Amino acid sequence: MRINTTLQVSRLQKWSEAVAFLLVCLVLIFSEMPFWGKGLSLLLMGFFLAYQYLFKKPAARLVQVTQFDKENWRWSVLEPLRTQKTHVYEGRLIKAQGGLFVLVLRFETKVRQKTVMTNWVVWRDQVDAQNWRRLIVIARFWADEAQRIID
């Protein structure tokens, strides 16, 4: 069972961020805060949201994951610079954990004689169904005992 998949941009991630923001707004609205406190808090949250979307530093994005065997993996990362360079890294999967809609994969690689740990979040809608099932199996059975996913 090998994985070789290209990851798409996740709409599920964007929706979950929006739902979380709306839930916080609803908790603020229905709280027992004074009216001026609610208004100020909602105004500050609106400024924070505008700041995040207007001035947010672009983040690197995982675009491809390839599994050779239990120890050897390769992943490609798209850098958000103007050049849009793709960097390829090789290493091993040391931890996989997650749930129904999201997995966190932790890789270990050697870069310039240093061991570097990287975490990548994979949402369910980023990969096809067959590769998602494979990732779930890896998360359940290849992760450490303390990190296994239990239904």
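Leaving aside neighbours within four places in sequence, Val122 is in contact with Leu7, Leu62, Phe101, Val102, Leu103, Leu105, Val127, Trp132 and Leu135, where contact means heavy atoms within 4.5 Å. The structure is a predicted model, in which local features need pLDDT of at least 70 and side-chain atom pairs count only at pLDDT 80 or more, while totals for chains, interfaces and linings use all residues. Residues are numbered from 1 along each chain as its sequence is written, and side-chain values use heavy atoms, with hydrogens and water left out.

**Nonpolar core**

- Val122 and Trp73 touch the most other members of the largest nonpolar core, which has 20 residues; such a core is a set of buried Ala, Val, Leu, Ile, Met, Phe, Trp, Tyr and Cys residues joined through side-chain atoms within 4.5 Å.
- Two or more residues of this core come from each of β2 (61–67), β3, β4, β5 (102–111), β6 (114–123) and α3 (129–141); helices (H or I, at least four residues) and strands (E, at least two) are DSSP runs, numbered from the N terminus.
- Helix α3 gives the largest share of this core, five residues.
- In soluble globular proteins, nonpolar side chains tend to be buried together.

**Aromatic pairs**

- Four aromatic pairs are found in a search of the whole structure; rings of Phe, Tyr and Trp (its six-membered ring) pair if their centres lie within 6.5 Å, and planes under 30 degrees apart count as stacked, over 60 as edge-to-face and the rest as tilted.
- Tyr51 and Phe55 form a tilted pair, at 5.7 Å centre to centre and 45 degrees between the planes.
- Both Tyr51 and Phe55 lie in helix α2 (residues 35–55), four residues apart, about one turn of the helix.
- Tyr51 is partly exposed at 48% relative accessible area, and Phe55 is exposed at 59%; buried means under 20%, exposed over 50%, and partly exposed in between (1.4 Å probe, protein chains only).
- Trp75 and Tyr89 form a stacked pair, with 6.3 Å between centres and 25 degrees between the planes.
- Because Trp75 lies in strand β3 (residues 73–78) and Tyr89 in strand β4 (residues 86–98), this pair ties together parts that are 14 residues apart in sequence.
- Trp75 is buried, at 1% relative accessibility, whereas Tyr89 is partly exposed, at 28%.
- Trp73, Trp75, Tyr89 and Phe107 are linked by ring pairs into a cluster.

**Salt bridges**

- The whole structure contains two salt bridges, a salt bridge being a side-chain nitrogen of Lys or Arg within 4 Å of a carboxyl oxygen of Asp or Glu.
- Glu90 is partly exposed, with a relative accessible area of 46%, and Arg74 is partly exposed at 32%.
- Glu108 and Arg92 also meet in a salt bridge, at 2.8 Å from N to O.
- Here Glu108 lies in strand β5 and Arg92 in strand β4, 16 residues apart, and the pair again links distant parts of the chain.
- Arg92 is partly exposed, with a relative accessible area of 32%.

**Nonpolar surface patch**

- Val19, Leu23, Leu26, Ile29 and Phe30 make a nonpolar surface patch of about 500 Å².
- Patches are made of residues with over 30% relative accessible area and no salt bridge, with like charges joined within 9 Å and nonpolar side chains (Val, Leu, Ile, Met, Phe, Trp, Tyr) within 5 Å.
- Accessible areas come from the Shrake-Rupley method with a 1.4 Å probe; for residues, only the protein chains shown count as cover.
- Leu23, one of the patch residues, lies in helix α1 (residues 11–29).
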